[in-house]
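User: Hi! Could you walk me through this one while I have it open?
Analyst: Happy to, here it comes.

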Amino acid sequence: MDQMKEDDSLDAALTKEGVRQAKEAGEKCSLASSTLQLIVSSPLSRCLDTADLFFPGVSCSKVVLEEVREINGLLLNGQRRKKSVLAERYPEWDFSRITNEEDSDWSPDELEDDESVVKRGLKALNFIWEREETEIAVVAHGGWFRKVLGMGVVVEGGVERFNNCELKEMTLKKREGGELFLENKRVNA
């Protein structure tokens with residue numbers, strides 16, 4: 001946490017290493033992008049940049065969701081820019097689900113608790129479940145994946161920690177009682 005505070009800046013940009021990782025991982029997974037119908041991304045610039053570098057030239061819907069953003073609060077790198085600034089920077093992305101111009105969810109005083117992260121994650125998975133697309137990529141943050149997949153959603157077949165720019169194929173399913181769960185298929189990159 002101390003190191004993160006030292007390099008902390010508003011909506012931190014993707015680093016040079018992050019750019020390299022996203023490009024290389026995208027080149028290895030070119031087959032995955034050929035069937036992709038929807039990309040869902042965090043509203044933080046480093047995720048939007050990762051998605052664009054990982055899936056260059058992919059012609060599909062691109063939706064930004066607050067629900068898949070990094071664990072919120074305390075660190076400036078988790079605070080998003082104004083909606084209008086992001087929409088101008090990333091015109092091919094749909095920001096209509098972002099309801100506030102300012103990042104009213106971010107707090108400088110405390111880090112979001114696990115329960116809140118999991119609740120957001122489940123809301124995002126319900127959004128995905130209700131979509132007509134079946135081939136969907138979620139570009140989010142390691143902390144978000146760790147909390148949501150480790151505490152909030154059952155992953156049949158288990159799931160290891162996500163590395164930077166790692167693509168994991170999972171199938172979203174719903175039990176008879178209405179509970180969403182993920183079935184881990186395989187690691188693609």
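**Exposed, buried and paired**

Analyst: E110 counts as exposed because its relative accessibility is 54%; exposed means over 50%, buried under 20%, and partly exposed in between (1.4 Å probe, protein chains only).
User: Where does E110 lie?
Analyst: E110 is in the loop between α5 (83-89) and α6 (114-130). Helices here are DSSP runs of H or I with at least four residues, and strands are E runs of at least two, numbered from the N terminus.
User: Before we go on, what kind of model is this?
Analyst: This is a predicted model, where local features need pLDDT of at least 70, side-chain atom pairs count only at pLDDT 80 or more, and totals for chains, interfaces and linings use all residues. Residues are numbered from 1 along each chain as its sequence is written, and side-chain values use heavy atoms, leaving out hydrogens and water.
User: What about L74?
Analyst: L74, also not a glycine, has a positive phi of about 70°. With a relative accessible area of 29%, L74 is partly exposed.
User: Switching to strands: how many bridges join β1 to β3?
Analyst: Four, between β1 (residues 38-41) and β3, running parallel; strands pair if DSSP finds at least two bridges between them. I39 has A137 of β3 as its bridge partner.
User: Which residues are on the covered face of β3?
Analyst: A137 and V139, while I136 and V138 form the uncovered face.
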